[in-house]
Amino acid sequence: MSEIRGNERLPRLDEVSPQHPRWRDLVITAYGPTILIAIGQGAILPLVALSARALGASVGTAAFIVALIGLGQLVGDLPAGALAARIGEKRALIAACALDAVALLGAFFAHSVLLLAIAIAVTGLAGAVFSLARQAYLTEAIPIPMRARALSTLGGTFRIGLFIGPFVAAAIVTRWSIGAAYAFAAAMSVAAAILTAFLPDVTRKASRSSTGRRHRSVISVLAEHRHILLTLGLGILVISAARATRQSIVPLWAESIGVNAATTSVIFGISAAVDMLLFYPGGAIMDRFGRVYVAVPSMIVLGLGFLLLPLTSGATSVGLVAALMGLGNGISSGVVLTLGADASPSQDRAQFLAGWRLCSDLGNAAGPLVISAVSALATLAAAAVTMALITWAGSAWLIKWVPAYAPRLHLAPEGREAQEG
């Protein structure tokens, strides 16, 4: 695996080759839309179920409407790749922000459970387009030696936005209403679209170089690169499953041992704070030493957290384990994005990343389902141990396959052909 040796200076993010835009010229326009979208999403996430209940939905129906965000992303992953390939990443970003704003306004005006459900599902579809296009854009714009830090920072800004959003929503709801939070989120999406319009269009060069090439479908590109998706992509599925499971199993375990909701919220806040502080160090480690030195340790730490959780018996011990899992999750911020960028071909990148994001979103859906199934058949403690074993098995899988698709750090992205292991 190609590495930057520890005695070599790590390039600064504002050091670029002539074919790439200056990093400092991208900071606001590249990360600004992400944090705005994340603040809006963080503002509405705690309120979707409450909105549904206020419209007369049952508890089960309200939970299903919340799940529509993730389902919308899952359904939208492959079409998002086709759209970005057709119109370019920058235009796809603007379109996603506009669609999100329309959907959020629909939620604001919704007077029935059905209309609210449709609006929430559409926000998931918009999220799929936005997530894919921003990953493809930064993969194209940033030189490989700086890629992990750039994408880890992208993941970090999204975490920061999700952290800020609920506090903004609390102030809005206190002064106005739940519906006003949807209007605020729509305004954030509009602002993100406007800011995205100022992004340098790095896809123009790629478009000119591919003039005359037949536009390929997402399915044909995924079929060509199926080996990557069935090997490294499987590891990504496990990483995503472990991350999603962490968010569901900690509050479930805390409730099962008698920790009240307010204390559980504090525990989550502390874990989120640890998570947010570590995104840049994780990216620096990946750029200097290689991706495997973050991907594998983060999974080992998360697995250890799952294993220790059933041994906790009070708020303090649960909090310590949650902080440990926040450490594992935080250091791996951007690892899924970075590995996808490394594995993606220089041509048909958007179509490939559609399949990559599908692997990730399948993991997001599968993790909580594992907990649900095992706890129904046995106990919640058994479900935690099962997830620990799955996570550690995933780390062993990553040891084998992450180095197989490591980038050649001295080459620019457009000069590197897809690696087929």
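Phe108 is partly exposed in this predicted model, with a relative accessible area of 34%. Phe109 has a relative accessibility of 53% and therefore counts as exposed, the cut-off for that class being over 50%. A pair of aromatic rings is described by the distance of the centres and the angle of the planes. For Phe108 and Phe109, the ring centres lie 4.8 Å apart and the planes stand at 75 degrees, so this pair is edge-to-face. An angle over 60 degrees is what places a pair in that class.

Across the whole structure, the search for aromatic pairs returns five. In one of them, Phe352 and Trp356, the ring centres are 6.1 Å apart and the planes meet at 25 degrees, so the pair is stacked. Both residues belong to helix α16, which covers residues 349-377. They are separated by four residues, about one turn of the helix. Phe352 and Trp356 are both buried, whereas Phe109 is exposed.

Ring pairs also join Trp397, Trp401 and Tyr405 into a cluster.

Ala119 is part of helix α5, which runs over residues 113-141. The relative accessibility of Ala119 is 7%, so this residue counts as buried, the limit being under 20%. Beyond its neighbours within four places in sequence, Ala119 is in contact with Ala103, Gly106 and Ala107. Ala103 is 16 residues away from Ala119 in sequence, yet the two C-alpha atoms are 4.8 Å apart in space.

The mean pLDDT of the protein chain is 83, and 87% of the residues score at least 70. Confidence is highest in helix α13 (residues 292-308), with a mean of 94. The lowest value belongs to helix α8 (residues 203-209), with a mean of 51. Over residues 1-8 the pLDDT is below 50, and the model gives this stretch 24 contacts beyond near neighbours in sequence. Residues 409-421 likewise stay under 50, and for them the model has 46 contacts beyond four places in sequence.

Key: Residues numbered from 1 in each chain as written. Predicted model: local features only at pLDDT ≥ 70, side-chain atom pairs only at ≥ 80, totals over all residues. Heavy atoms only, no water. pLDDT = per-residue confidence, 0-100. Helix = DSSP H or I, 4+ residues; strand = E, 2+ residues; numbered from the N terminus. Contact = heavy atoms within 4.5 Å. Buried < 20%, exposed > 50% of the residue type's maximum accessible area, 1.4 Å probe, protein only. Phe/Tyr/Trp six-rings, centres within 6.5 Å; stacked < 30°, edge-to-face > 60°.
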